[in-house]
Structure formats: structure tokens, C-alpha cells
Amino acid sequence: MPSMSIKDAAILAEASYSPSGINSPRILHSCPDADVQGHFLDGDILLLPGSNSIRDYIRFNLRVLNLGNVKLALSGDKTEKGTSGTTWHQGFLSYSRVLTTWLSGLNKKPKLIIGHSLGAASAQILCRTYGAPAICFAAPRPKFIKGAVKHDEKLLIINRSDDLVPGMPPSFSHMGKIHLLSPAKKRRFPAHAMKHYRSILNETTSLPTRWG
């Protein structure tokens with residue numbers, strides 16, 4: 001399994017919104033679906049950016065997807081069981097299924113998953129699917145059931161206390177180990193942006209330096 005420093009993972013997560021600027025690790029494949037973003041990198045790293053519109057995400061519309069001819073509002077509360085039997089948020093699960101179908105077509109499985117925002121919601125589900133370690137920034141809550149699930153120990157979540165998105169949807173829960181970081185300067189709505197997650201990493205010593 002690959003291991004990566006948390007700060008390097010944060011750099012990649014921010015760069016995932018402009019993937020043409022990523023030179024190392026090299027992007028081998030990008031998901032062709034218009035509604036789902038994902039990049040498969042050298043070292044079998046799966047990189048998952050969030051919604052194209054962070055403003056919509058923060059304003060609780062998150063994003064409306066048309067997957068399987070069904071409109072799914074990610075701010076909704078509909079649930080569905082995954083193949084593992086775990087009950088997930090239907091929108092996040094549908095998003096993740098597009099990624100697993102894409103990866104299956106490539107005959108690829110990730111050895112490390114990095115996600116921000118909507119990508120971090122999907123990363124939790126895919127960690128459960130593949131058993132690959134995952135690093136998540138600004139992660140919403142995809143899991144409907146309480147308590148631990150298989151591969152919980154492989155998932156690291158880093159959230160800011162001034163970011164509203166990680167509290168959504170309120171009736172759901174996170175997977176894995178959660179680090180809630182309190183910044184010296186609260187930013188409220190802009191706090192969700194990946195650049196502010198990168199900056200808060202320099203304010204804390206409570207995180208592991210590497211994950212994987």
C-alpha cells in the first residue's frame with residue numbers, strides 16, 4: 001500500500017480542480033462522466049475533487065446529479081444499501097457507483113484514495129468497497145448507520161470546525177477517524193475551500209504526518 005504525507009495529499013486535493021497542472025504523480029486516466037470527477041494517478045492513487053460549484057455546495061444545494069435518469073439532490077435524505085450491506089446516502093452512493101464502474105472498465109483498483117468535499121463523501125464509500133486507505137478533507141456524512149464498519153481504521157477525515165459541509169446531512173454519520181480542527185481565524189463559508197484546509201494543516205500538530 002502506498003503512503004503519502006498529509007500535506008502532499010492536501011496539495012493534490014487542491015490541484016484536482018485544475019488537473020492539467022498535476023505533473024507528479026502523473027494522471028493516467030480521468031473519469032469521462034460529465035457529472036462525476038475522478039482521476040487515477042501513478043501509484044494507483046484515486047484523486048476525487050468535489051462539486052464543480054463550491055458555492056452551491058456550501059449553500060446546501062450540494063449538487064443535483066442525473067445518474068441513471070434519476071435526479072439526486074445530495075442534500076436529500078434518501079438511503080440505499082451498497083453491495084456490502086452498509087446503508088449509505090443515495091446520492092453519494094450513486095456517485096460512487098459511477099466511479100467503481102469506470103475503474104472496473106479500466107481493470108484498476110486504488111491503493112490510496114484522496115478526496116475533498118463531494119469527493120470525500122465518495123472516498124468513504126470507496127474505502128469500504130476496496131479496503132484502500134483514504135484521506136478525506138471537508139467530508140460530508142455518507143453513512144446512515146451508526147457504529148463502525150469494515151475498514152474504518154483505514155480512513156482519515158480532516159474537517160474544519162468553521163466549515164458547515166461536514167455536518168451534512170445531519171441525520172447521517174462519517175466513517176473512519178475524524179480530526180476536527182479549530183482554526184485561529186474562522187472563515188465560515190469560504191472555509192470549505194481546499195486552500196483553507198491546506199493552511200490549517202500548518203496550525204496543528206495533532207495529525208499524523210503520513211497516511212496509508
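I began with the lining of the largest pocket: helix 3 (90-106) and helix 4 (118-130) each supply at least two of its residues. Helices here are DSSP runs of H or I, at least four residues, and strands are runs of E, at least two, numbered from the N terminus.

I noted that this is a predicted model, where local features need pLDDT of at least 70, side-chain atom pairs count only at pLDDT 80 or more, and totals for chains, interfaces and linings use all residues. Residues are numbered from 1 along each chain, and side-chain values use heavy atoms, without hydrogens and water.

**Helix 3**

I checked its length. The 17 residues should span 24 Å at 1.5 Å a residue, and the end C-alpha atoms are 25 Å apart, which agrees. The expected span is 1.5 Å times one less than the number of residues.

I listed buried residues (under 20% relative accessible area, 1.4 Å probe, protein chains only). Among them in helix 3 are Phe 92, Tyr 95, Trp 102 and Leu 103. Just after helix 3, Asn 107 has a positive phi of about 60 degrees.

**Asp 162**

I found Asp 162 in the loop between strand 11 (155-160) and strand 12 (177-181). Is Asp 162 buried or exposed? Asp 162 is buried, with a relative accessible area of 1%. Its side chain makes a polar contact with the side chain of Arg 160 at 2.9 Å. A polar contact is a pair of N or O atoms within 3.5 Å; within protein, one must be able to donate a hydrogen and the other to accept it, and residues adjacent in sequence count only if both atoms are side-chain atoms.

How values were computed
Buried means under 20% relative accessible area, exposed over 50%, partly exposed in between (1.4 Å probe, protein chains only).
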